[in-house]
Each structure stands twice: as structure tokens, then as C-alpha cells.
Number of protein chains: 2
Amino acid sequence: MSTPIRVIQYGLGPIGSAVARHITERSSLKLVGGVDIDPAKTGRDMDEVVGLEQPLGFKVAKTLAEALANAEADVVLHTTSSCFDLFESQITEILNAGLDVVSTAEELSFPWLAHPKEAARIDEAAKKAGKTALGTGVNPGFLMDSLPLNLTAICQRVDRIDVTRSQNASVRRGPFQAKIGSGMTVEQFENKVDTGRMGHVGLPESMGMVFHTLGRKLARYEDSIEPVVADSLIQTDFFTVQPGQVRGLKQVARGFTDAGEFMTLTFIAALEEPLDQDTVKISGKPDLEVILKGTNGDIATVAMAVNAIKRVKEASPGLVTMPDLPIVTFG
Amino acid sequence: MSTPIRVIQYGLGPIGSAVARHITERSSLKLVGGVDIDPAKTGRDMDEVVGLEQPLGFKVAKTLAEALANAEADVVLHTTSSCFDLFESQITEILNAGLDVVSTAEELSFPWLAHPKEAARIDEAAKKAGKTALGTGVNPGFLMDSLPLNLTAICQRVDRIDVTRSQNASVRRGPFQAKIGSGMTVEQFENKVDTGRMGHVGLPESMGMVFHTLGRKLARYEDSIEPVVADSLIQTDFFTVQPGQVRGLKQVARGFTDAGEFMTLTFIAALEEPLDQDTVKISGKPDLEVILKGTNGDIATVAMAVNAIKRVKEASPGLVTMPDLPIVTFG
């Protein structure tokens, strides 16, 4: 048994807490610190904050520096924010402290298209520190990008890629049901879309990763988001949705080369959505159809982030993306 | 556009000829030579032998040395034999000549379990030459090993892996229908099983790759092969199968850790087999089920071998296996 990799969990929301709990289940990893800016969490016992039975023996720190003053670490698992504006300084801080970082920040999964300058700054900081930064998760990071890319390995020709993720939100946690607009009026939903605070984050990143890796030029990118409206009364543990109110959302992103539409990503998440599966279709030679069941977002994202730690530890310095690494596997 | 990678095709049977034809469809690759020991092929125009319309401007060579006397090359695509006894000296010859090699030899896909000494010799030759050797294809190389491994990336726990490849051989070429025993009596089939010349090659390699990559000890390995018998008359372009005769085969491999059966690989290939799909089931957290359609063996193996060329060219010297490399993608 080699020495466990020492991990600090940065961000203790629902995903970060689940990551922290899961790290303690892995003999190859050791949870040595936790960071969150929320005053309701800092200074309290880490185990209590993340919902663990066994004592961890350390408190939640307010800053990374504070956590590092109390423990040496190898890797930070970062789960604070989706957006560059909020996480860039945190990622740089981690790298400057001499640590590798795996982040679930959606915009970091393939930042070279939407945020090339910020990506270049992180890449530079990583190389200067001799450390590695990776953004990953189940989506972006897998279902709509690195998995379809892996499936093209058995294709002699790729004409089109379509990925549809259809999720029955009734079996998911309350914050997820809220995030997709459950119980809103259509007007409320559309107002929230207008503020830019509605919908899955990561479609441009998945699209960018696939186009870039396959060497195609993304000539045009379009996306749309619309409410999925309830036909009849829906009651969950968290929401009551009247007929005519919103039970979820449907989001579609389209990527075009100069020759036409090459990739379509459809993200559906709604209460009582009958189809709870992902479908990857590749048109070409051969035509492939792959259907996945059981890819629950929270479990899978926590797993991917934790499983990626080993790869990031072994990787060359810099800001890397999933296709740069050997396949991530359990363990 | 970067300079095309120059490829010699070594082995001009049905798969090798398909590879050669496909290489000419890729602008990133250039077919510069062809090798086969068959006197019916050597000395003839390569394009004619592999079934290409456009002239290639070179003849089929009898040896690699002869091909290299006529053209410089970067990579050899090797498709002569499944078995170490026959291919080891060829792979070593390629590496000693200073070329990278991608081979469809099943036993090379993960040789560290069944052929550790031979694998070590190839690894040494590759490192000495500063070149890379990889065995890959759709199976072994993808469906029963590197793809299931990639799927474990989104698992927090993996208790069991089951992969079933069920193929309707009626839509496949004649030699494939012959290989699975079509039209034999059950007695003929069982006699051929006894000689060891019946069944899919590669199950121990897939099993070994998965156990090794997940860090589990393969305590015991079992496999079995049985005929699939026709209930009614079957007529294909190549075979007539009477009721009671063999229409194909079913092969099952089981891998055990000390705790019990961990992985089951089921390979079914039969005429008029109703299910033409692959199923990967991972029991754990979460339980995953993935169904693949369209993974035709010949098209997919040719694609994987050709798509892997770029990765092998970039890889560190040595004998590598699929989990050592960044995901292979089209292009």
C-alpha cells in the first residue's frame, strides 16, 4: 500500500460535503483539511459540517492558507463555483501554494473556447508551480464530451454527434429540483432565464472539448432554454407543481462547422420526466447508439472528481482537460 | 496541416486489407508500404491486393526490410496473427527497425497476465529502440476492457462488472461465420474446441487489463465455450445450417478475486442471433447499465487500430496498453 494522497476539500456545499465523505471511504486518499467561507461553517468540526459519524480531528478553515497552516497536503478538491469570475483566484491560490487541483467548476472543464485568457493565466500558474489543474465531473467532463470522444475511437468516419441527457428530477435532491425551475410560473422561469441564472452550466465547454479534440472548427454555437410545463399536479418532497406551472427545463446547444450542424447537446431535467437515461448517437461509419442508465448527477460527479485525483497527481504540469489524460477509472 | 504519418501495413488478410484501404481515406496518414508472406500476394501491386481503385505506386513486399528498402516509414500497422508464438518476432523486428507499432494481435492487448516474459521482451526492445508498441482493437481493446474501465470513472464503488457482447453473425462476412462454427455438427464443434482453435481470442487479456487497472488480484480465471444450436433451417450467403447443427458459439469468462466473482465476460456470436448489441453492467454505487448498438467488429477494429496510430506516435517508449494512453478518438 503506497502512502495515501492528502486531500483538502475546498467548498463544503452539498457536492463538496459529499466529496469529503467519499474521500474518507478511499484507502488511497486521506482527507486532511476543509475550507469554506461560510461563517456558519468555519471553525466547526469538519466531520459535523460534512455529515460524518467518525471524528476527523480538524476544524473547517476559512481560507486555504489557514488549512495549510494545520496540515500538509498534496491535492485540493475544489467545489465552490461554476464560474470563472468566482473561482479563478481560488484555483491560482491553490496552484501557487504548490498543490494539484481537481475542480468540479464547469467552466474549467474546457475553458479554451469561452475563457481563453483566464485559461492561459491558470495554465501559466500551474506550469510555474509545477502542478496540474483539471476541471471535471459527470457533465461536463464525461457524458457529453469525453465519453462521446472515447466512442469515436471505433469510428472510421464521424458525421454528427448527438447527446441527450434526460433526467427524472423527482428522484433528485431539493436544490436540484429548485435549480431547474420546479413550481415556477412560465413567466418567472423566463425572467430567470433572462438574468442568465437558469440552466445547466457546461454545454459550451463540452462542445468546445469535442470540436477541439476532433480537430474541427466551431464556426457557430447556438443554445436555447425553455420550460417543461406540467400537465397535471405534481407533488414531490420539496415542491408542489400545479398544471401549467414549470416542472423542469429543456436546454439545447448546437455546434456548427462550416459544413453545417455537427453536434447537438440536449439537456432535459424535469419532475416526473419519463425517460431517465443518456443517449449518445454518432452518425458515421459505423452508426453508433449508446444508452446509459444510472448516471445520477451527484453520485457520478463526486465519483469522477475523486477518481481523477490520481491522474492529476501523475499528470504533467499545466491546465489539463479530460482528453489530455489517460482514462480516469475507479480507484 | 502537419506532415502525414507514414504507415506500413503488415499483414494483408481481410482486416489488414481493410486497414490499408482506410488509411488512404485519412489525410493525416500516408500508406507507404505493404507486407505479407503469402506468395500469392507478394510482388503484386498493393492497391490491387487490398482492393483499392487508385494506384498506390508500390508492390507488396515479402518482408518488412524489403518494404523499408523502398520507403521511409514512421509506424507499422500489424495484423498478422492473434498469438504470441507467431507475432513476437514480427513486433520485435518492427521495433528494432525504429518504428512504432499498432497491432490488432489480441494477445498483445494486455499481455502481462498470460505472457509476462514475452511482454517484458517486447517492452525491452521498444524502450531500447525508443519506440512504442500497442495491441488494440474493438475487442480486446475497447468493449470488454477500456470502455468498462472508463465507465468506472463515475463510480464511487465497483462491486461487479458484467459485459455481454451479443452478435448476429448473419450480417457478417463468411470467414467470421465459419470461425464461429456455423454449419458444424455439435461433435465437430466440440472436437474443434478440444484442439483449442475455436472461440474468440482476447477474453483473458480483457480480464487482465481490468483487474490490473482497478488494482484487484485475479485469484482465479475460468472460461467455457459451447455451441449455439439451430432450432430451424438457417440459410446465409455462405452457409446452410440444418436444425440441430451449430449456428454459432457462446463463450463465458469469469474472473474472481479472493472475495468471489468480480467480472464476467460473455461473448455470443451466432447466425440469426436476435440480440445484436453489447451490454456493460457495473454493480456498485451507482449501478450502471450501458447498451451499445452498431459496434460491428470489423469496422470498429479497423477504426480503433487506425485511430490509435496518433496516440502511439506521441506515447512514451515501451509496450503500452490502452489504459496507459489518453483516450483514443477519431482522427
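How many salt bridges are there between chain A and chain B? The count is zero, where a salt bridge means a side-chain nitrogen of Lys or Arg within 4 Å of a carboxyl oxygen of Asp or Glu. Before going further, a word on the ground rules: this is a predicted model, in which local features need pLDDT of at least 70 and side-chain atom pairs count only at pLDDT 80 or more, while totals for chains, interfaces and linings use all residues. Residues are numbered from 1 along each chain as its sequence is written, chains are lettered from A and ligands numbered from 1 in the order in which they are written, and side-chain values use heavy atoms, leaving out hydrogens and water.

Back to the two chains. Chain A and chain B do share 16 residue pairs in polar contact, both residues at pLDDT 80 or more; that term covers a pair of N or O atoms within 3.5 Å, where within protein one must be able to donate a hydrogen and the other to accept it, and residues adjacent in sequence count only if both atoms are side-chain atoms. Helices here are DSSP runs of H or I with at least four residues, strands are runs of E with at least two, and both are numbered from the N terminus. A:Ile154, A:Gln156 and A:Phe330 supply 20% of what chain A buries against chain B, more than any other three residues.

Now look inside chain A. It splits into domain 1 (5-137 + 299-324) and domain 2 (146-293), with bounds from an automatic or database domain assignment. Each domain gives 12 residues to their contact, and their centres, taken over C-alpha atoms, are 26 Å apart. The two domains bury about 990 Å² between them, 77% of it on carbon and sulfur atoms. A:Phe110, A:Leu113 and A:Pro323 account for 48% of the area that domain 1 buries against domain 2, more than any other three residues.

Helix α4 of chain A, residues 84-96, is worth a stop. Its 13 residues reach 17 Å from first C-alpha to last, close to the 18 Å expected at 1.5 Å a residue, the expectation being 1.5 Å times one less than the number of residues. Its buried residues (under 20% relative accessible area, 1.4 Å probe, protein chains only) include A:Phe87, A:Ile91 and A:Ile94. The buried set packs against β1, α3, β3, β4, α5 and β5 of chain A. After the helix comes A:Gly98, with a positive phi near 85 degrees.

Over in chain B, helix α9 (residues 203-213) has nine of its 11 residues buried. Its cover includes α6, β6, β7, β10 and β11 of chain B. Just past α9(B), B:Gly215 has a positive phi of about 70 degrees. One of the helix's buried residues is B:Ser206, which also touches B:Pro140. That proline sits in the loop between β5 and α6 of chain B, and counts as buried because its relative accessibility is 4%.

Technical notes:
Buried < 20%, exposed > 50% of the residue type's maximum accessible area, 1.4 Å probe, protein only. Contact = heavy atoms within 4.5 Å. Buried area = accessible area lost by both parts, 1.4 Å probe. Lists of a residue's contacts leave out its neighbours within four places in sequence.
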